[in-house]
Amino acid sequence: MIDKIISQCSLILLLIWVPVAGFAQAITIIGSGGDARNCSMAADSAAKFSFISRDDLEYCNRAIDYGHLKRGDLAGTYVNRGIIETALSKYQDAFSDYHHALELQPKLPEAYIGRGNIYFLAGKYNLAIEDYTRALDLNISRDYIAHLNRGMAYEKIGNYKDAEENYRRALELQPGWQLAQDKLDRLLTKGNGK
């Protein structure tokens with residue numbers, strides 16, 4: 001379902017991919033075996049640099065299938081695999097992995113960020129806003145990312161006041177963040193700000 005919506009908007013996705021998918025949050029897995037740690041490092045690389053290899057998925061697959069992970073680490077590994085799948089444009093697989101993570105740990109803020117990104121890419125901005133808000137309510141560690149993403153979703157639905165507020169909050173939390181500053185400046189230049 002998500003893939004169908006996204007494939008209809010492939011050109012638009014190329015334009016918005018970098019701003020959103022670059023702001024997923026990998027979960028660091030320590031002490032749960034090499035595959036889980038390697039999956040975590042690959043997801044972090046995908047989230048920060050959009051650099052990924054299809055081979056990186058194998059670390060995650062082995063960790064999930066054979067790693068005998070504790071519930072929290074398994075949920076984190078599903079999130080990490082979802083980040084990698086998103087970077088590989090495997091949106092339905094990513095959406096499914098975020099869903100599995102939330103079944104295992106319903107209060108996992110990183111899963112809400114990842115799922116929110118899939119909703120954003122699918123043009124379901126209100127659902128994305130809900131998930132980014134949920135991540136913030138759950139005290140996600142890098143909350144400035146959730147504010148930036150939520151600001152972008154608000155901007156897409158024409159709610160420029162809340163978009164501006166979220167861009168400003170991202171800058172308060174991460175002073176000097178050029179991407180957030182650029183988005184705020186562009187919004188104000190267009191005359192959509194306060």
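**Close-up 1. Contacts of Asp 97 in the predicted model.** Asp 97 touches Tyr 78, Arg 81, Gly 82 and Glu 85, leaving aside residues up to four places away in sequence; contact means heavy atoms within 4.5 Å. Asp 97 belongs to helix 6 (residues 91–104), where helices are DSSP runs (H or I, at least four residues) numbered from the N terminus. With a relative accessible area of 2%, Asp 97 is buried; buried means under 20% relative accessible area, computed with a 1.4 Å probe on protein chains only. This is a predicted model, in which local features need pLDDT of at least 70 and side-chain atom pairs count only at pLDDT 80 or more, while totals for chains, interfaces and linings use all residues. Residues are numbered from 1 along each chain as its sequence is written, and side-chain values use heavy atoms, with hydrogens and water left out.

**Close-up 2. The aromatic pair of Phe 120 and Tyr 125.** The structure holds 3 aromatic pairs, a pair being rings of Phe, Tyr or Trp (its six-membered ring) whose centres lie within 6.5 Å. In one of them, the ring centres of Phe 120 and Tyr 125 are 5.2 Å apart and the planes stand at 70°, so the pair is edge-to-face (planes over 60 degrees apart). Phe 120 is buried at 2% relative accessibility, and Tyr 125 is buried at 17%.

**Close-up 3. The aromatic pair of Tyr 144 and Trp 177.** These ring centres lie 5.1 Å apart with planes at 90°, so Tyr 144 and Trp 177 are edge-to-face. Tyr 144 is in helix 9 (residues 143–156) and Trp 177 is in the loop between helix 10 (160–173) and helix 11 (178–189), so the pair ties together parts 33 residues apart in sequence. Both Tyr 144 and Trp 177 are buried.

Conventions
Helix = DSSP H or I, 4+ residues; strand = E, 2+ residues; numbered from the N terminus. Buried < 20%, exposed > 50% of the residue type's maximum accessible area, 1.4 Å probe, protein only. Phe/Tyr/Trp six-rings, centres within 6.5 Å; stacked < 30°, edge-to-face > 60°.
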